[in-house]
Amino acid sequence: MTRQLEETTGDSPIDAAPLLGIDRRSAIDAVRLRIGMAISLGLLQPGERLPDQQDVALGLSVSPITARRALASLADQGVVVRRRGRGGGTFVADEPPQNVLEQLAASPAESLAVNRLVDRRLLFECAVTHFAAVNATAAQLDELERLTHEMAGSTNWSEYHQADERFHRLVAASSGLGTAVEAYNEALAELYAYFIPYPIEFLHESNRDHIALVNALRAGDDRGAVEVSRRHVDVLHKTMFMGLAGGDGAKRSNKG
């Protein structure tokens with residue numbers, strides 16, 4: 001089932017990493033799926049403006065050419081519309097074709113793969129957090145705190161995601177676990193390749209975990225820090241698309 005994603009231009013994780021459970025899905029189709037599912041679930045609303053193309057690429061951890069081709073394909077199918085001039089950009093269509101959105105759905109194999117990736121990251125996250133509580137320097141803790149402020153000030157999901165990735169990679173680096181940090185970063189990249197756009201209000205709420213984690217790390221409270229990280233990752237079973245897609249549907253709260 002596992003195969004290398006196509007369209008591997010650039011160094012972004014989704015373009016380069018083999019994603020478990022994806023069968024014959026190109027990088028472009030994977031991005032189409034993530035945006036389409038966000039629309040189906042009500043996370044992206046009709047008429048909502050997407051970030052600029054470069055920011056979409058950064059926010060979804062893909063190369064600019066992959067983002068451009070995915071958005072062009074969605075525009076051709078009427079899922080998004082592009083407007084020129086002042087106030088222009090790419091917007092969710094007022095009435096995206098339901099038959100197209102129905103095609104942009106994750107398979108059971110993909111949902112199973114993501115749940116396994118969440119569990120894998122959960123183990124890594126607890127380990128690096130424990131050692132970060134012991135080994136993090138004052139400068140690293142100051143930078144982690146600065147990143148929580150950056151996430152709190154983010155105005156869209158792309159800005160938030162970029163700061164979020166830097167935050168978690170720095171926690172791992174602060175652990176002092178050497179080459180094991182590389183394994184953590186690989187697991188993080190694989191999971192980020194499945195993230196979909198969320199309303200910024202939800203992401204700001206999630207940032208409370210980051211703030212609590214930094215406070216625990218500063219206090220040298222390894223048990224408290226690990227518990228924060230455990231909850232922060234475990235909730236992904238409910239707040240990523242495989243959890244959101246079931247139950248009460250598109251308008252469901254994603255707090256988990």
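**Reading strands, helices and rings**

Biologist: Which residue in S2 stands opposite Arg82?

Modeller: Arg82 stands opposite Thr90 in S2. The model is predicted, so local features need pLDDT of at least 70 and side-chain atom pairs pLDDT 80 or more, whereas totals for chains, interfaces and linings use all residues. Residues are numbered from 1 along each chain as its sequence is written, and side-chain values use heavy atoms, without hydrogens or water.

Biologist: How many bridges join S1 and S2?

Modeller: Helices (H or I, at least four residues) and strands (E, at least two) are DSSP runs numbered from the N terminus, and two strands pair if DSSP finds at least two bridges between them. Here S1 (residues 80–83) and S2 (residues 89–92) are antiparallel, with four bridges. Val81 faces Phe91 in S2. Five residues lie between the strands of this hairpin, where Gly85 has a positive phi near 85 degrees.

Biologist: How do I read helix H8, and what caps its N-terminal end?

Modeller: The expected span is 1.5 Å times one less than the number of residues. H8 (residues 157–174) has 18 residues and reaches 25 Å from first to last C-alpha, close to the expected 26 Å. Asn156 is the cap: one of its side-chain oxygens lies 2.9 Å from the backbone nitrogen of Ser158. After H8 comes Gly176, with a positive phi near 70 degrees.

Biologist: Is H8 largely enclosed or left open by the rest of the structure?

Modeller: Buried means under 20% relative accessible area, exposed over 50%, partly exposed in between (1.4 Å probe, protein chains only). In H8, 13 of the 18 residues are buried, so the helix is largely enclosed by the rest of the structure.

Biologist: What does Met240 touch?

Modeller: Contact means heavy atoms within 4.5 Å. Leaving out residues up to four places away in sequence, Met240 touches Val114, Val118, Leu191, Tyr194, Phe195 and Tyr198.

Biologist: How many aromatic pairs are there?

Modeller: Rings of Phe, Tyr and Trp (its six-membered ring) pair if their centres lie within 6.5 Å; planes under 30 degrees apart are stacked, over 60 edge-to-face, the rest tilted. That rule gives three pairs. Phe124 and Tyr184 have ring centres 6.5 Å apart and planes at 80 degrees, so this pair is edge-to-face. Phe124 lies in H6 and Tyr184 in H9 (residues 180–192), so the pair ties together parts 60 residues apart in sequence. Phe124 is partly exposed at 24%, while Tyr184 is buried at 0%. The ring centres of Tyr198 and Phe202 are 5.1 Å apart with planes at 35 degrees, so that pair is tilted; both residues are buried.

Notes:
Polar contact = N/O pair within 3.5 Å; in protein donor to acceptor, adjacent residues only side chain to side chain.
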